Structures are given as structure tokens and as C-alpha cells.
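Please examine the sequence and the three-dimensional view before reading on. The paragraphs below then lead through the structure step by step.

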Amino acid sequence: MARPTELDDPTLAGLAGETPGGGDLPTRRERRYWPASLAVLVVFLATWQYASRSGMVHRIILPAPTDIAADVPFLVTDRDFLRHFTTTLWEIVGGFVFGSLVGLALGTALALSPLLRRAYLPLVTTFQATPRVILAPVVIAWFGFGAESKIVQAIILCFFPVFLNTLVGLSLTEENALKLMRSLGATRWQTFVKLRLPDALPTIFAGLKVALTFAMIGAIISEFVGAEYGLGYLLSRYNFELRITLVYALIVLLALLGLALYLLLDWLDRKLVFWRTTP
Amino acid sequence: MKHAERAAPLPASAARPGHLARRGHVYLAIGTVLGLLALWELASALRLVHPVLFPPPSKVAVALVRLLGQDYFMRHLRATAYVTTLGLIFGALLGLVLGAVLALVPPIRHTLYPYVIAFQALPKIVLAPLFVTAFGFGPESKIATAVAICFFPLMLNTMVGLSLVDAEALKLMRALRASEWQIFTKLRLPNALPHIFAGLQTSITFAITGALVAELVTGGGSDGLGRLVDTYGQQLETELQFAVVVIVSLIGVAVVLAAEWLDRRIVFWRR
């Protein structure tokens, strides 16, 4: 019996998906490392606490974890906090949904029409190659300081993965399956809805997962550049007010938000693409 | 006979599709772009849209030419290029080293795995304001932001490339009693190079993005193309603003093309 190699390592297989958060939850074999992981966290926090409290690193750059935790109640009980939170949440979700719709529509159109694909795929790919964050000030000038500009920025950043994966996914259908549909007298619509679309769904969902991260990035960048409400706006404001403990608290909050949204999407993925045997 | 009366609109033979069928997509693509630009120019001239919010392409082109000749602009271009390059170099080094460690030392990988996932969930641009507070308004904070954003994909790709090698090849080498170093240089490294270059392409784009985001966050406090876009916007000099956006876009595309060319030349065996 060969000793297990890294090739059997599910953590690698999960991360090899190369999508943000593409990892699987660890299997039984890796669970024995949890004490070590926990120990790393404890040591890390303890070192941080010491470095900050002893003055080795300035309090402004690295406040102690206990100070951060102590200020968290202040953060969440602020009377506008709920508004900031829901604003960012709607910006991310709205940008993600609309961006995905744009990506799906564009991907489907280009998948079904070779002419459109040959004409527009290079253009879309070129657009993707530009650093679209540079458009943030322009988007704000066009759409204002409200949530609309954040949603537009999120759309601009997140439609491409969905578009590309839709395009690729729809071309994955096997020739034999297509022939079978044709021999059964299926219309183009039936073939699309009952064969090509389900075949494409795993790939499309992989694109959706990537798009979620980009939607979040777009919303936050846009809030940095100009906003009245939102967690990113709050982070920027607290940063320039030098209330760094609140900045760190917001960073953790945003990471948790990202994780929560991703897990939601993953759950949706497993529910809708129920026939999948491998992730 | 029927075929003599039949009109032949395109000089096509049965074997070879007509010119339009072969090249039609090029015309469609170019036509769409030119059409949109023309529409924009017209809308601005007819005052259908506000000429400040939507500066016509003609004015943007003029502003672009003017900008390229100015020292002022070159200073900002150099600032962004400097930040991007250093951010990419440090980020690539960090990503390669961390990726290699995670690949070659499985216990470390298994221990740190939850934190890698957690770090993945964090949109790393939120660290930009923190870096500005820690390192000031100068290039250091921007380089730090660029590094933070661009090292991660490369680290993942390096780790995957160095570990997920062909099972049979690995078994063969172990059967031939190859040392870990030999396995590394002769199997893992060649296997990893395509992944590393793919990660590098992503990293280059992220490094530019990181630099620009950091410049947008610091606003007028520093030099850089992002700062220019922000400042011109606030001063309502939108022709100059759009000109800089066009320049940044062209640079981004050029960099991606260069990375792809490099990838094709160096990882030649994948073709």
C-alpha cells in the first residue's frame, strides 16, 4: 500500500480550483491538524498582544487585540451602523446579481452565435485586461455618491468571470448528447434548457463564486472613493480619524461578510447542481 | 438554364466561404467600437448629454496628446510604474516563497490551511487605508497594498503547481530512489512553471490594481495616475481625466499582452 502522497490531499484539490475560497472543508485525515492550527492562532494573537502593549509596534499601527475587541461594542451600537451594514450588503448583492445577469446574457449570446463570439470576445477580453478600478471616480461622477455607483462599479468588476464561464460551460456539451437531442426531435430551446444549460451549470457556478469576490471588491473600492454610507466608507473615515481599533474590527467584519456570502453561494450551488459527484 | 440567370452577389465558390463570412466579425467588432464613439461624439455635440460629464472622444484625444508631452504627467506615470514594479517584485517573491513552503512541507500546509482560506475571503483592498496609516502617504504604503493584493494568487498557483504533479511520475521517481531535491528540480519545478506563469499574469494585473487603489485612497496626498484621475475629476477637467483613464487602460492591456508573450516563450512545452 503506497503511502498517501500530496496528490490525495483534498486541501490542495480544493485550492487548485483557483477560485477564491475554492477550498473544500477538510476531510477526516486533515482534522488531526486542528490542534496545531488553533495553537498557531493562539501564538499569533499572543505575539500581537505583546508587541502592541509593550510598545514594540506603535499602538496606532497595531492596536492590541484586546483593545480591538473592547471597541467592537462601540462599533455596532453606533446608531447608523445598521444602515452602513445594509447599504454595503445591498451594494454587494445588487452588483453581484446584476453583474451575473449581464455575464450570463453576454455569455449565452456569444455561445449561441459564432459570429458574435468571434467579433466580441476579443473586445470583452481586452476590456477585462484594463485595470477597471481606475473607472471608480468616473462611475461616481456619473451615478452619484449613493449605492447606485457602487453597484455599477461592482458590475463592471464582476461580470467577466460569469461571462467567461458561461461561454465555456455552454460549449462543454458532448457531441453525442447533442445528436441524441436532435434525433429525438428537440427544438433549439429544448436542447438549450434541458441539455446545454445543465451541463454548463457547474462551470457557471464556479464563475459565480469568483464574481462574488469581485463584486465585493468593486463595492468597497467605490465606497473608498466617494460615499455617504457603507462599511467601506466607515473604514475609510475611521482610518483618517485614526480610530484604528475600529478599522481592524471592520476588516474582520468584512472578511466574515465575505465568508458568509460565499458559504451561502456554495450552499445554493450544492442545492441547484445536485447531480455533481466531484466538486 | 436556371444557373445562368442566378445572381451571384458575392464572388464565392462552393468550396470557400465569401470574404464577408470569413472576415465579417472583424468588421462587426470595429464597427461597433467606432459606432459607439461616433454616438458619443454626436450626443455630446448635440448637448444630449452634459459635455463635462461625457467629454467627446475628440476632446479626450486632444487632451491625451497634450498630456503625453508634459513633464507633470510623466512624473505621475513614473510614480505609478515604480510602485507597480516594486509591488510586483516583492509580491512575486513572497508568493513564490510561501507557495513553495506550503507545497513542500505538508504539515505546515495543513496547519495553516484555515488561515489561507480566511485570508482568501478577505477583499485585500481593505488593507489599503491601514497601510497608509502605517507607512504614510508616500510610495511605501502603495507598494505594501500592491504586494498584499498580488502575492496571493501566485502563492496558490505555486503551491498547486509544485504539489499536484503526475502521480505515476512521482511514484517512478520514488521507486528510482530519487532525492527530494532531484524530485523538486526535475519533476515539481517543470510541472509548476505553467501554473506559476499563469499566477504571474494575474499578479501583474493585481499589482497595477493595488497601486491604483492605494493612489485613489490617498487622493491628493501623493503622486500617481490614480491620483491624477481623482484630482482631474474633482477639478471637473474630465477630458484630462478620461485621457488618463485611456492611458491606464492601454498600459494594462500592454502589460497583459507582454505577460502572455512571456508565458508563450518560456513555457513552450505546453503548446
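**From single residues to the interface**

Leu208(A) has its place in helix α9 (residues 188–225) of chain A; helices (H or I, at least four residues) and strands (E, at least two) are DSSP runs, numbered from the N terminus. This is a predicted model, in which local features need pLDDT of at least 70 and side-chain atom pairs count only at pLDDT 80 or more, while totals for chains, interfaces and linings use all residues. Residues are numbered from 1 along each chain as its sequence is written, chains are lettered from A and ligands numbered from 1 in the order in which they are written, and side-chain values use heavy atoms, with hydrogens and water left out.

Is Leu208(A) buried or exposed? Leu208(A) counts as buried because its relative accessible area is 11%; buried means under 20% relative accessible area, exposed over 50%, and partly exposed in between (1.4 Å probe, protein chains only). When its neighbours within four places in sequence are left aside, Leu208(A) is in contact (heavy atoms within 4.5 Å) with Phe96(A), Ser100(A), Val162(A) and Leu265(A). Between Leu208(A) and Gln49(A) there are 159 residues of separation in sequence and 38 Å in space, C-alpha to C-alpha.

Another buried residue of chain A is Thr173(A), with 11% relative accessibility. Thr173(A) is found in the loop between α7 (147–170) and α8 (175–183) of chain A. Apart from neighbours within four places in sequence, Thr173(A) is in contact with Leu178(A), Leu195(A), Arg196(A) and Asp199(A).

The cysteines may be considered next. Cys158(A) is buried, because its relative accessible area is 0%, and Cys150(B) is buried with a relative accessible area of 0%. How many disulfides does the structure hold? Over all chains there are 0 disulfides, a disulfide being a pair of cysteine sulfur atoms within 2.5 Å.

Most residues other than glycine have a negative phi. Arg47(B), however, has a positive phi, near 60°. Arg47(B) lies in the loop between α2 and α3 (57–68) of chain B and is exposed, with a relative accessible area of 60%. Leu236(B) likewise has a positive phi near 60°. This residue, Leu236(B), lies in the loop between α10 and α11 of chain B, and its relative accessible area of 58% is why Leu236(B) counts as exposed.

The two chains also meet each other. In this interface, 65 residues of chain B are in contact with 63 residues of chain A. The size of an interface is often given as the accessible area lost when the parts come together. Chain B and chain A bury about 5,400 Å² between them, 76% of it on carbon and sulfur atoms; buried area is the accessible area (1.4 Å probe) that two parts lose on being put together, summed over both. Of the area that chain B buries against chain A, His110(B), Tyr113(B) and Leu130(B) supply 12%, more than any other three residues.

Across the interface of chain B and chain A, 0 salt bridges are found, where a salt bridge is a side-chain nitrogen of Lys or Arg within 4 Å of a carboxyl oxygen of Asp or Glu. On the side of chain B that touches chain A, α5(B) gives the largest share, 12 residues.
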